Structure formats: structure tokens, C-alpha cells
Amino acid sequence: MSAKEKSIKPQHNKMLNATQGLKNIMGRHFLAIEQAYRDGKPTAWATSGSPVEMLYAMDVQPMLPENSATVSAAQKYSQNFIELAEAEGFSYDLCSYFKTNVGAVLSNAGMAEGGTRKPSFMLSTDVICDTHVNWFQVQAERFNVPHYSIDVPHVVSNTTNRQYNYFKNYITEQLYEFIDFMQEVTGHEYNEENARQVSENSWNLSKVWQDIYELRKCIPCPISTRDTFGGLFPLFTMPGLKEPIKLYKRMYKEAKMRVDEGIGALEKEDFRLMFEGIPFWYNLKYFGQLERWNAIIVYEPYTYAFSKYMNPKVTKEMVLNKPIEAMSELMLSFWYVYDLETRIKKFEETVKDWSIDGVLLHNNLSCRPNSCGMYDLKRHLMDDYDIPCLIIDADMNDPRKLNETQTLNQIESFIEILRQRKKT
Amino acid sequence: MKKIGIFDSGVETPEEIIMAAGFVPFRLFGDPTLQPEKANEHIPPTHCIWTRNLLEQAIAGLDEDIVGIVSSHGCDRTNREFDIWLECLNYKFMFFLNSPRKRDDVAFKFFIDDLIEFKNQLQDTFNIEITDEKLKVSIQKMNKIRKLLKEISEYRTKYILKGSEFHALVKKVQQYPKDDALHILETRLKELKESRVLISNDMKPILLTGSDIDDTELIVLLESLGFHVIIDDLGVGTKYFWNSVSENENPIEAIAKYHITKPIYSTKFPSYERYNVLEFLAKKYQVVGVINIAQKFCEPVLYDHPYLHKKFKELGIPYLFVEMTYNRESYSQLNTRFSAFAEMI
């Protein structure tokens, strides 16, 4: 350990000091958007799960409306925006991210409130959900801007390798078509060297994030969701840039020091949990209440999923030399959209590897693709692998759909079950 | 005769391939008198009630002649729930067809690959051969059915055939052996040619759109309130027969082209083009109103509704949007809204 490192003695703290830098990184992202408008640079809206790297490679400034929707929720604007969208005719049951974005646009909200600017074009994909495509269709029509959508075939539990290969070809062809689309809309040329550099940055960013997750296997866990829920944003807004890599490396370094000193994010760690689903962005403090039972969330598939390079077929060499083909492969094997059989297997492995005592499953009332299969997932985890699970009903961005007291009571009972199991 | 069950939120499944394999294509319909119980152990109650209804039936046991299931890429529900069907059912043939969301050349090429895979898996599972000749015969038969349905549909325009009867007829065709279906259609057409006007001119001609409504009783309800469903753009309706499959091309390519170019449904991209289909039908059939019915939690239709509302307002055609729960007891709650709309137009 260097003298400098020695001087920064790791301390118990619920949040890493390095994570404070997230505000600056995200601030720079929003500034970059403003700068792009001032400079007349092309901009694009992109849905999560779409190849944002390709936008950076073509010198197009990305904007992720889902990220903005979480800002609205954190600033307590989301309910108001959602209700504005409902007044426009969009159902109470539709995606709360979508409705937050509709309301924010209708209100002409600023970026600090979760607003977004009119883009040069929109990029959507149904890799995560159909809603993404419908959402951007609604907004592309409103703004009268071009919209390119990537259709991703749905992989199910009995999809064969033969099918997988032509699924991949279908995506690859669309990605090349998307390059043509961007060239036409922006006048920018596709530059292979740029693409390689962006891909390398994206790879490095993801790998550091995965390293951080590896540290979460340690007992006590050095990092809580106070670092990861917000910490994930650079993964989908800035894959391809160097700045967030530095932030993640700082987070890793600090966490590693904690591990070396045997210091956890909690002073006392009795229960290690997994949280499946999107957090309640309007009430992140809610998760802090787990600490009253010395319980800590040590793994979230949602925040891990966006460090997309997990498919062993996608090597760094492939990412650098065949970025489009690598992207096609990744879009088919995204953690967050695994078929049920793979999902069960991955959960079982994760529970074992991260020494997890119990799983909290968020039945997200306006994200049906995520909650579909959750009942079967729970049953398999409980019956086949004896893993305790609790399903909680809420919503990612709509505070009307979280019953705080009732949910907390459920969690308390769940923790009690975990406590009893530890005794026996 | 053995059947292949079709779990499809639209009409994206190529029946011709199933027929050429020697099976009866049997589209699964909901049963609005049934409430999901077992299905609720697999799918949350805030998800599409229609697909939960189908799963409930599937868990209880489907038609005993069904030897396999094909589910076609439609909405997020049919896509994600296929794995649950794999969990709950034990058929040796279970296939998820990735009917593409887009409708361009790249999607067309991909769809051909997936149709070939569907054909190959049928062949491998049942040890049969699906030849081009057999496919061509199936295409011809289906085209004949489509032509007859299109002709019969026009008797709705002549106020000779009720919308509810036509709806029930399309449902039969989607479940019966096609030779039987042909016979039924030919007989009915002959009768219709000799029939006179049966429906009162006071009935209000409307265009019915929305989720793929499969309960004929709902249309009977609309008729009891003074509406005549003169035209629709539903899967249990015109989407099933509006176009034909080319008989002069490679059969798999012709089937792919047929599905990619037929009138668009809300599950495809860009779904807003569905409005163009609706506008065309509304003008051609001179409807006095449009009724858009969404099954509860039917996201594709819920997303399109505000756009359709705006466009029909611009067009000056009265438009009613209704969200319904899939059980007959709830229909009575819709009475008021339908009646108010009838008054308005």
C-alpha cells in the first residue's frame, strides 16, 4: 500500500466516498447534452438496452429518457408528470417511465426535473420490452423526428442454437441498416477507429463494474445499493466514454480497501439479500430501512445487467474487431431478459456465489415484462433450491403504487423467517 | 384429426404450414365464463386477463386432439408467457414463432428463416415431410377460404348478415378442419345470395377495432344497443382474410410476404399505421362511429388509443374507447357507455 493510500484509511460508511463523484459525472452528461444543442451537434433519444455505443461512435449525443424519468422520480415530480400523461389518455396501467416522460415533455420540464430535449432522431429496441418501441413512437410523432427501431427476436427456454444464429444475423443486418440511417440523418460517416475506441471504453467500463460486483461477494459486503442504484447510470448513458471508467475505478479501489480491512457498508451484517427488479426511484431511502435489521442488498440483477459483457462468446477481441456482431450477440443475451429456465439457473448460481440469504422480488406493476415469470421463478427457487423469496408489489416511478407500511411489514416478517433459518 | 393449438394475440401464425403437416390449425380462444385461478399462480393479476384465461384452460386440459402448440410473437404477454406454457404443459411440440415486429425487407428475410425453422421442427418432431406441393395445396385452400369470407363479409354491408353471426363464422373457420370450414362458408354464401335485408336500417353502422375480441356475445350486446358492426379490423375479422397469399411464388416466401404486408395490427411497428387501415375502412364503409375496445392491460392497444382518438377527431368521426374486463358479468357495466355513444351518433 502506498503512503497516499495509507493516509486514506477505509472507514465504515453506508456510501462510498467515491460515489459522490457520480453527481459530477452525470452533471457532465447533462452538460454535454446542452453543449450539443449549442453546437448544433446531432442528438438522439435511446432506450435502455439499445446500442448507445453506436451513437457515441457516430458522434451523436445520446439522451436516455429512462434515466431522466428516474431524475423526475427522485425530485418528486414523477407523480405529477404521470397524471398529466393520464389526462392525455394514457392508461393508469401503462409504464410509469413512459408516462413520466410524456408528462415531462408536456410540462416543458428542465433537465433537473427529468426533462429531455427534442432529439435529432430516436433509437428504440424491443430487447427489453415492447413499451420502448411504443413510447418512442408516441414521442417521435409528437416531435416529428425520425425513429429507427431495432427488432430483437425473443429467446425462449427452448430456442435452439440454429435459431439463435439467424436471430443474431437479423439483428446484425439491422445494426448495419441503422448506421446507414444515422449517416443519412446526421451526415456523419461511420468511422471504424472511433467505433473501436468507444467499444474498448464500453468494455472497460463494464469490466470495472463487474469487478465491483465481485467485491460484493465478500462478507461483510463493502458496497450497498446506495452506491449501485445510482452508480449504474453511466453504464447506460455513457458507455464509450473514459470519464466514468475513472469513477468506477475509484469506487473499486475504495471498496477493495474496505474488503482488505474487513469493513462492510453496514456496521453489522446479519442478512444478505438480492433485489430483483427496478428500485422505487421516488423513494430510494426506503431501502435504507433494511438496515434496521442489519440486512443489506448485495446483488441486483438490474444494476448488474447493464454491464452487458457477460456472454463468454463475446471476447474483448470480438468487441474491438467486430463491434456490430458483438453487439448483436449481446442484445440476445442480456441478463435482464433471460428466458425463464436460464433466469432460474442464474439466480440459483448468484445466490450461491454471493452468499445470499433471501431474495426480494419486485412485482413491478407497470413493468409487466419484468414481473412476468416471477411467480415461477419464486416457486423454483423456493422448492428446488430452498432459497427464501418474497414478492413485493410496487412500481418503479409511480409512488401511488407503493404501500410503504404494508410492504415494510412483509419485509419484516420475511427477515424473521431468515432469522429463524439461521438459528436452525 | 390431430390439431396444433395456436396461442396468438393476432393472426400471425401460418396455418398453411400446419395444414401441410397434416394437422388442423386450431386457434385457442378465451372462455369469458371462466375466471383464472390456477393461471394466477403463474401470472400476476395485473397482466392481460385474456392470456391468463387461455393458460387457465391449458392447465385444465385443452382439446384432446391437440398434439402441439405454436405461439406467435405478438405482444409482450404472448412473448413472455410462452416459457410459462412450457412450464405448465407437456406437449412434445412447442414452438415460439418470432413473427417480426417490423415489416421491411430485412424482417421479411428473417421471417422466412423462422418459418423454415417452424416447418423443420414440425417435420422432425412428427417424422413427416412437408413438401412444397403440400404447401401450395394448403395455400390454395386458405385463399379460397379468405375469398369466401371476404365475399360473405360484404353481406354485412348489405344489412343482410349480422356482425355477430359473421364473427362466430370466422371463429369457426379458425378452429374447424379447413374442408369443413369451406363447406360451411359455401353453404352460407349460397343462402346469403338468396336472402333479403334482415337488419333494420336504423341500426348504426360502426367500425369495431381494438384488442382481438373473441367473445361473440360482446357483439351481440352492441347489436342489442342499436349498433351494426358493418366492418372491423380484428384478427377474428378482416385481418384474417383481407389479403391472399401469392400462389405463384416459393410457398414459404409467399406466406412470409402475406403476413408482412397484410393490414397492420397494434403489436407491429409502426403501429400508428393501423390508423391508415381504420381510416380506409371507416370511409369505404361509411361508418357513423368507431368503437375501440381494449382488454384490460392490453398494452399495444392502450398505447395507440390517444393517437387514434386524436386522428378520428380530426377526421370528424365519433370515436369511443372502452377498456373491458374479460368476463360477461362485466359487460353490463359497459351498457351505459355504449348507450351514451349510440345517443351521441
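How many helices and strands does chain B have? Chain B has 12 helices and 8 strands, where helices (H or I, at least four residues) and strands (E, at least two) are DSSP runs numbered from the N terminus. The structure is a predicted model, in which local features need pLDDT of at least 70 and side-chain atom pairs count only at pLDDT 80 or more, whereas totals for chains, interfaces and linings use all residues. Residues are numbered from 1 along each chain as its sequence is written, and chains are lettered from A and ligands numbered from 1 in the order in which they are written.

**Figure 1. The fold of chain B.** The radius of gyration of chain B is 20 Å, close to the 20 Å that the globule rule gives for 345 residues, so chain B is as compact as a globular protein of that length. The radius is taken over C-alpha atoms, and the globule rule is 2.2 Å times the number of residues to the power 0.38. The C-alpha trace spans about 60 × 50 × 40 Å along its principal axes. Of the 345 residues in chain B, 50% are buried; a residue is buried if 20 or more other C-beta atoms lie within 10 Å of its own, exposed if 12 or fewer, and partly exposed in between, with C-beta atoms placed from the backbone.

**Figure 2. The fold of chain A.** Chain A has 20 helices and 8 strands. Its radius of gyration is 21 Å, close to the 22 Å that the globule rule gives for 424 residues, so chain A is as compact as a globular protein of that length. The principal axes of its C-alpha trace span about 65 × 55 × 45 Å, and buried residues make up 53% of the chain. Among contacts (C-beta atoms, placed from the backbone, within 7 Å) in chain A between residues at least 6 apart in sequence, 76% join residues at least 24 apart.

**Figure 3. The side of chain B that touches chain A.** The contact takes 41 residues from chain B and 40 residues from chain A. On the chain B side, helix H3 (76-88), strand E4 (93-97), helix H4 (105-126) and helix H11 (299-315) each supply at least two residues. H3(B) gives the most, with 9 residues. By class, this side of chain B has 21 nonpolar, 9 polar and 11 charged residues. Ala, Val, Leu, Ile, Met, Phe, Trp, Tyr, Cys and Pro count as nonpolar, Asp, Glu, Lys and Arg as charged, and the others, Gly among them, as polar.

**Figure 4. Packing of H6(A) with H7(A).** The axes of helix H6 (residues 96-106) and helix H7 (residues 130-143) of chain A come within 10 Å and cross at roughly 10°. H6(A) is thus roughly parallel to H7(A). Axes are lines fitted to C-alpha atoms, for helices over the stretch in contact, and angles run from 0 to 180 degrees between N-to-C directions; angles under 35 degrees count as roughly parallel, over 145 as roughly antiparallel, 65 to 115 as roughly perpendicular and the rest as oblique. Phe98(A), Val102(A) and Val105(A) in H6(A) meet residues of H7(A) including Trp135(A) and Val138(A).

**Figure 5. Helix H19(A) and its surroundings.** Helix H19 (residues 374-385) of chain A has 12 residues and reaches 16 Å from its first C-alpha to its last, close to the 16 Å expected at 1.5 Å a residue; the expected span is 1.5 Å times one less than the number of residues. Its buried residues are Met374(A), Asp376(A), Leu377(A), Lys378(A), His380(A) and Leu381(A). They pack against several elements, among them strand E7 (358-364) of chain A and H3 of chain B. Ile344(A), in helix H17 (residues 340-353) of chain A, touches Leu377(A), His380(A) and Leu381(A), not counting residues up to four places away in sequence. With 22 C-beta neighbours inside 10 Å, Ile344(A) is buried. Just after H19(A), Asp386(A) takes a positive phi of about 55°.

Figure 6. Most residues other than glycine have a negative phi, and most peptide bonds are trans. The bond from Ile219(A) to Pro220(A) is cis, with omega near 0°, and Pro220(A) lies between helix H9 (192-215) and helix H10 (225-231) of chain A. The bond from Phe269(B) to Pro270(B) is also cis, with omega near -5°. Asn294(A), not a glycine, has a positive phi of about 55° and is partly exposed, with 15 other C-beta atoms within 10 Å. Gln286(B) has a positive phi of about 45° and is exposed, with 11 C-beta neighbours inside 10 Å.

Technical notes:
Two residues are in contact if their C-beta atoms, placed from the backbone, lie within 7 Å.
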